[in-house]
Amino acid sequence: MPEKQLSDEVLKEYESILLEEKRITLEVISDIGLAQKKGSKDGTGDLSSYSIHLADQGTDTIEMEKNAYLGEEQLKKLRAINFSLRKIYEKTFGICEICGIFIPNERLRIIPYARFCVDCEAKEQKNKKR
Ligand SMILES: [Zn+2]
């Protein structure tokens, strides 16, 4: 077996990547929150903008549903990021939670909050579909 954990240097690097990712995700979440608030205000009868909005009422609903979905996705991502940060502090970051191998660097560069290696991720996705 090779080394069991990433070096402190590499962990530090991923920590800053994850913190940046977390900052962006929180921003997106608050943006979506604002959009939703605005949407519901229009719905309760802001008459000045009502006539303009009447035509897009359908799109507004779709827009809100999309935001709700996006919000859900972002919250999931945020949880994954927080989880990964904890793993950095526990020095178990970068290890697949299922089979225990190191997740390749190329994968972590794209998805720094990945919990599984590519093989296990594929298996997980399949299990979820069933
Ligand atoms: Zn794995």
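Visitor: How many buried residues are there among the 12 residues of α5?

Guide: The count is zero, so to speak of cover, α5 is hardly covered. Keep in mind that this is a predicted model.

Visitor: And what is the distance between the end C-alpha atoms of helix α5?

Guide: They are 17 Å apart. That agrees with expectation, because at 1.5 Å a residue the 12 residues of 118–129 should span 16 Å.

Visitor: Stepping back, how many helices and strands are in the chain?

Guide: Five helices and zero strands. From the N terminus on, the order is α-α-α-α-α.

Visitor: What share of the chain is buried?

Guide: Buried residues make up 13% of the 130 residues.

Visitor: Which residues form the largest nonpolar core?

Guide: There are 10 of them: L6, Y14, L18, I81, I88, F93, I103, L108, Y113 and C117. Both α1 (8–43) and α3 (57–89) supply at least two residues of this core.

Visitor: Let's take Y14. Where is it, and why does Y14 count as buried?

Guide: Y14 sits in helix α1. It counts as buried because 22 C-beta neighbours lie inside 10 Å, and the cut-off is 20 or more.

Visitor: What does Y14 touch, leaving out residues up to four places away in sequence?

Guide: I88, F93, L108 and P112. Y14 and L108 are 94 residues apart along the chain, with their C-alpha atoms separated by 8.6 Å.

Visitor: And L108, what does that touch, counted likewise?

Guide: L108 touches Y14, G94, I103 and A114, again not counting residues up to four places away in sequence.

Visitor: What fraction of contacts with a separation of 6 or more comes from residues 24 or more positions apart?

Guide: Such pairs account for 64% of those contacts in the chain.

Conventions:
Residues are numbered from 1 along each chain as its sequence is written. This is a predicted model: local features need pLDDT of at least 70, side-chain atom pairs count only at pLDDT 80 or more; totals for chains, interfaces and linings use all residues. A nonpolar core is a set of buried Ala, Val, Leu, Ile, Met, Phe, Trp, Tyr and Cys residues joined through C-beta atoms within 7 Å. Helices (H or I, at least four residues) and strands (E, at least two) are DSSP runs, numbered from the N terminus. Two residues are in contact if their C-beta atoms, placed from the backbone, lie within 7 Å. The expected span of a helix is 1.5 Å times one less than its number of residues.
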